[in-house]
Amino acid sequence: MSHNNAMGRRFATYKISTMAIALLGAGCTFYGFSLGLGTMAQPRAGAWPFLVGLGLCLAAVALFFTERVGTDYEPFSKRSWIIVAGFGLMIAYILLFESVGFSLATLLVSIAWLRWMAKEPWRFTLWYSLAQTALFVTIFSILLAVPMPYDPVVNLLSGKGL
């Protein structure tokens with residue numbers, strides 16, 4: 001295989017991944033728009049997905065047209081799947097957040113992330129995940145009083161019951 005063929009294949013792979021990022025950004029942008037944007041003073045549910053999606057689109061398009069050499073990019077390998085797993089964990093977090101509440105979702109995803117993705121030992125994983133969850137619940141649910149969906153742990157701690 002010649003040097004030019006290897007460079008062309010890496011460059012083509014790079015262009016395909018850039019287009020995939022642009023499509024993901026476009027999807028987020030349209031989804032955010034469908035939820036409603038609101039105003040700057042009173043944003044609605046779609047404001048952040050719209051803005052993040054728009055940012056992804058703009059960055060991908062700029063990269064697609066300005067980058068000329070694909071040699072600075074890490075090749076796709078078995079280790080690259082950890083990014084896919086991390087994305088999957090974030091989707092799981094959203095689904096868990098809606099069904100079991102903020103505290104349990106945070107605890108479970110933190111355990112999964114530390115144990116299986118970061119390869120931390122069980123003892124560290126459990127203690128750190130519990131401490132992190134307690135800190136986040138204290139900050140967001142108690143100190144900042146951020147409105148959250150039903151959370152059985154916070155309800156029990158605040159005396160509201162299940």
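Visitor: How many helices and strands does the chain have?
Guide: This model is predicted, not experimental. From the N terminus on, its elements run α-α-α-α-α-α. The count is 6 helices and 0 strands.

Visitor: Are α3 and α4 roughly parallel or roughly antiparallel to each other?
Guide: Two packed helices are described by the angle between their axes and the distance between the axes. Helix α3 covers residues 81-100 and helix α4 residues 102-117; they pack with axes 8 Å apart at an angle of about 160°. The crossing of α3 past α4 is right-handed. Angles over 145 degrees count as roughly antiparallel, so α3 and α4 are roughly antiparallel.

Visitor: Is E98 buried or exposed?
Guide: E98 lies in helix α3. Its C-alpha is 9.3 Å from that of M148, although 50 residues separate E98 and M148 in sequence. The relative accessibility of E98 is 59%. Because the cut-off for exposed is over 50%, E98 counts as exposed.

Visitor: Is L143 buried or exposed?
Guide: L143 belongs to helix α5, residues 122-143. With a relative accessible area of 63%, L143 is exposed.

Visitor: What percentage of the residues in the chain is buried?
Guide: A residue is buried when its relative accessible area is under 20%. The chain has 162 residues, and the buried share is 25%.

Terms used: Residues numbered from 1 in each chain as written. Predicted model: local features only at pLDDT ≥ 70, side-chain atom pairs only at ≥ 80, totals over all residues. Heavy atoms only, no water. Helix = DSSP H or I, 4+ residues; strand = E, 2+ residues; numbered from the N terminus. Buried < 20%, exposed > 50% of the residue type's maximum accessible area, 1.4 Å probe, protein only. Axes fitted to C-alpha atoms, helices over the stretch in contact; angles between N-to-C directions. Parallel < 35°, antiparallel > 145°, perpendicular 65-115°, else oblique. Left-handed = near helix turned anticlockwise from the far one by under 90°.
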